[in-house]
Amino acid sequence: MIITLTTDFGDSEYVGAMKGVIYSICPKANVVDISHWVRKFDIRHAAYVVLSTTPYFPRGTIHCVVVDPGVGTERRGIIVKTKEHIYLGPDNGSFSFLTDIRKIIEIQQGSKSMTFHGRDVFAPIAAKLACGYEIEEFGEEIKDVKKLEIKKALKEGGAVVGEVLCIDAFGNAITNICSEILNLGIGETVKVTVGKKKLDARFLESYGFGDGEELIITVGSSGFLELAVNKGSASAVLGLKGGEKVVVR
Amino acid sequence: MIITLTTDFGDSEYVGAMKGVIYSICPKANVVDISHWVRKFDIRHAAYVVLSTTPYFPRGTIHCVVVDPGVGTERRGIIVKTKEHIYLGPDNGSFSFLTDIRKIIEIQQGSKSMTFHGRDVFAPIAAKLACGYEIEEFGEEIKDVKKLEIKKALKEGGAVVGEVLCIDAFGNAITNICSEILNLGIGETVKVTVGKKKLDARFLESYGFGDGEELIITVGSSGFLELAVNKGSASAVLGLKGGEKVVVR
Amino acid sequence: MIITLTTDFGDSEYVGAMKGVIYSICPKANVVDISHWVRKFDIRHAAYVVLSTTPYFPRGTIHCVVVDPGVGTERRGIIVKTKEHIYLGPDNGSFSFLTDIRKIIEIQQGSKSMTFHGRDVFAPIAAKLACGYEIEEFGEEIKDVKKLEIKKALKEGGAVVGEVLCIDAFGNAITNICSEILNLGIGETVKVTVGKKKLDARFLESYGFGDGEELIITVGSSGFLELAVNKGSASAVLGLKGGEKVVVR
């Protein structure tokens, strides 16, 4: 049984402790790192990583997602069972984009630490789930997960208005604008307003077609429109951090 | 059988070569990364990672710890068998905090490289141990491991005097002061001297309770007192690197 | 069956999606990270990582190497079968140093994304190969892989002339000069010209013998001459990026 780990622990040893806990409880688990480089404390980024990676895993995979700036406070810990997978972690918006939710459990379990629920709460439960426990054994059912406030991208007149969902590791600015909502031809130039900046950008099939430092837009691997620079960082050029309003016309 | 890897190889390919060596010798091994982001050449940090992560692994786990600024020189390579685990790596202080030591072997084995004993000495031995070799097959017994000079935290008058053990990836300054030696109430403000700086800090249950840029102290996940800033880096704010004297009163 | 991953995805979640795809197709695969910290878009570095790590893996290992600045353009995807291993990835020079090549297949397979062939082309094929498919099922045979233009190191008069192959994670500058071509004694001082700089350097057995900030040369773990600084970064000191001419006399 696969247990994936997604955290903002970065160049930290703490993920090692989580793995030790999991293997001690469930030796047959297969612990797979998705990423430990979610930007620190960045829930938007965590939600995007969950959206863009977890659906590719086999049915039944257990996804442990710990980006947890509120550790020790009253934020809830939850287990979310969807049609195909199980997710667990702090209920802070990391699970905003989950669909096909079948059941949500609020974790009722003490922790020996106040500062590391990844090791002391979520890793042990993930391991027990991998070894056959039912989610209902860890708490009571609740009805909702906390969601980030992200508006849907909308058509307004001749333009599409959305926002920067997050910045990926290459500096590409991933928007919440699905490719279907725009009707662009390859090579077409559009006007893009992002934050306070207005630019022209060509719509290209992939990063590699961009010339030098040109800003391009393309459809990223999750089906969203991205602002990108070939072999460069669009977010560095444009000073983006995520959350900025985007208008494409 | 689990073999864990802890190194300072960071964003380096060298860990890949170690994994290849291990799987070539012992295909059934389960190689688990603890961290490759020990600060380069930082033995104190290596020792803390060993202390804070390896005890969580199952009985019998083999821990290969290679933070090795002295590679190729006369520093010894050792295997340490404790009550529950086996450790191996350069004998440079990385194993300072091991307890319940049952046997220490000085590795007597040549290396085809002078620059990469991780690949050419420690990985092959770890793999052989995982496949059933006894530690005695790799050298002669010795009596001691090299230890870092870290004084015990002590009560002096109304204060507790210790030092910064190391800085973690979030910038928290982990001290060698156990929570039991202090007798603090939640929310209490104490006077902290660290290096040349004097500050007030509230004792809080966890990082998340800190307001903005406030310095707090809390009990970290290994039971030691930490200096921390909520969603920030205490070590950056205070200019700490590890080793500084800490006085709490 | 082991599938290794080598990418320049760095602190990115995209490698998680590749792992999900692989485990969904071939649950019994053992996915092993070699490195995701190839310098972004740096084919020279990718080629060196392939050279210095993949030979250590067991016979039959499948190596998926995705450093792919040309993704979506007309660059080919290939599978290379060597005497012992199978490699696949974009045909951009990453496989320059492979030897004992037995067969090369140009991948003929569509991709649902234009921007992420690692997930949509290479990961699925790697998984299928691990589960028993033959390489011939993915395209037609071709005769050559694309190679980086790297001259062989040569003796010229009393000197050896080569170039900096790449910079490793410790800042060591790895040259293409094999240790056999030079005939140096331990402790001997040689004159090194690298790029526009001329320096004296001692030839030492390993990094750890260097004094403080002294530039040394040593034989690295792949048998090539390296410029190094003990506990420091030679490439930072010398301003090297890879590709610079090196003369040792």
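**Entry 1: chain A as a whole**

I began with burial in chain A, and 51% of its 249 residues count as buried. The model I am reading is a predicted one. Next I listed the secondary structure of chain A and found four helices and 15 strands. I then looked up the radius of gyration of chain A, which is 20 Å. The globule rule gives 18 Å for 249 residues, so chain A is as compact as a globular protein of that length. I also noted the extent of the C-alpha trace of chain A, about 55 × 35 × 35 Å along its principal axes. Last, I took the contacts in chain A with a separation of 6 or more, and 65% of them join residues 24 or more positions apart.

**Entry 2: how the chains are related**

I repeated the check for chain C on chain B, and it gave a turn of 120°, a shift of 0.0 Å along the axis and an RMSD of 0.0 Å.

**Entry 3: where the chains touch**

I looked at chain B against chain A, where 23 residues of chain B are in contact with 24 residues of chain A. On the chain B side, strand E1 (2-7), strand E2 (30-35) and helix H2 (43-53) give two or more residues. I sorted that side of chain B by class and wrote down 11 nonpolar, nine polar and three charged residues.

I then turned to chain C against chain B. This contact takes 22 residues from chain C and 24 residues from chain B. Strand E2 (30-35) and helix H2 (43-53) of chain C each supply at least two residues to the chain C side. By class, the side of chain C that touches chain B has 11 nonpolar, eight polar and three charged residues.

**Entry 4: helix H2 of chain B**

How many of the 11 residues of H2(B) are buried? I found 10, and the helix is mostly covered. The buried residues include B:Ile43, B:His45, B:Tyr48 and B:Val50, and also B:Arg44. I then looked up what they pack against. One partner is helix H1 (14-25) of chain A, and the others are in chain B: E1, E2, strand E3 (62-66), strand E9 (159-167) and strand E10 (173-178).

**Entry 5: helices H1 and H3**

Two packed helices are described by the angle between their axes and the distance between the axes. I looked up both values for H1 (residues 14-25) and H3 (residues 117-130) of chain B. Their axes come within 8 Å and cross at roughly 35°. The crossing of H1(B) with H3(B) is right-handed. From H1(B), the contact is made by B:Tyr14, B:Ala17, B:Met18, B:Val21, B:Ile22 and B:Ile25. H3(B) brings residues including B:Gly118, B:Arg119, B:Pro124 and B:Lys128. I counted classes for this contact as 10 nonpolar, one polar and two charged residues.

H1 and H3 of chain C pack at an angle of about 35°, with their axes 8 Å apart, and their crossing is right-handed. In H1(C) the residues in the contact include C:Met18 and C:Val21, and in H3(C) they include C:Ala123 and C:Ala127. The contact of H1(C) with H3(C) has 10 nonpolar, one polar and two charged residues.

**Entry 6: single residues**

Most residues other than glycine have a negative phi. I looked up two exceptions. A:Lys231 has a positive phi of about 55°. A:Lys231 lies in the loop between strand E14 (224-229) and helix H4 (234-238) of chain A. Its 14 C-beta neighbours inside 10 Å make A:Lys231 partly exposed.

The phi of B:Asp100 is also positive, near 55°. B:Asp100 sits in the loop between strand E5 (86-90) and strand E6 (101-107) of chain B. Is B:Asp100 buried or exposed? I found it exposed, because 9 other C-beta atoms lie within 10 Å.

I finished with A:Asp33, which is in strand E2 (residues 30-35) of chain A. Why does A:Asp33 count as partly exposed? A:Asp33 has 19 C-beta neighbours inside 10 Å, and a buried residue needs 20 or more. The C-alpha atoms of A:Asp33 and A:Lys19 are separated by 9.9 Å, and the two residues are 14 residues apart along the chain.

How values were computed
Residues numbered from 1 in each chain as written. Chains lettered and ligands numbered in written order. Predicted model: local features only at pLDDT ≥ 70, side-chain atom pairs only at ≥ 80, totals over all residues. Axes fitted to C-alpha atoms, helices over the stretch in contact; angles between N-to-C directions. Left-handed = near helix turned anticlockwise from the far one by under 90°. Contact = placed C-beta atoms within 7 Å. Nonpolar A, V, L, I, M, F, W, Y, C, P; charged D, E, K, R; others polar. Buried ≥ 20, exposed ≤ 12 C-beta atoms within 10 Å, placed from the backbone. Rg over C-alpha atoms; globule rule 2.2 N^0.38 Å. Least-squares fit on C-alpha atoms with pLDDT ≥ 70 in both.
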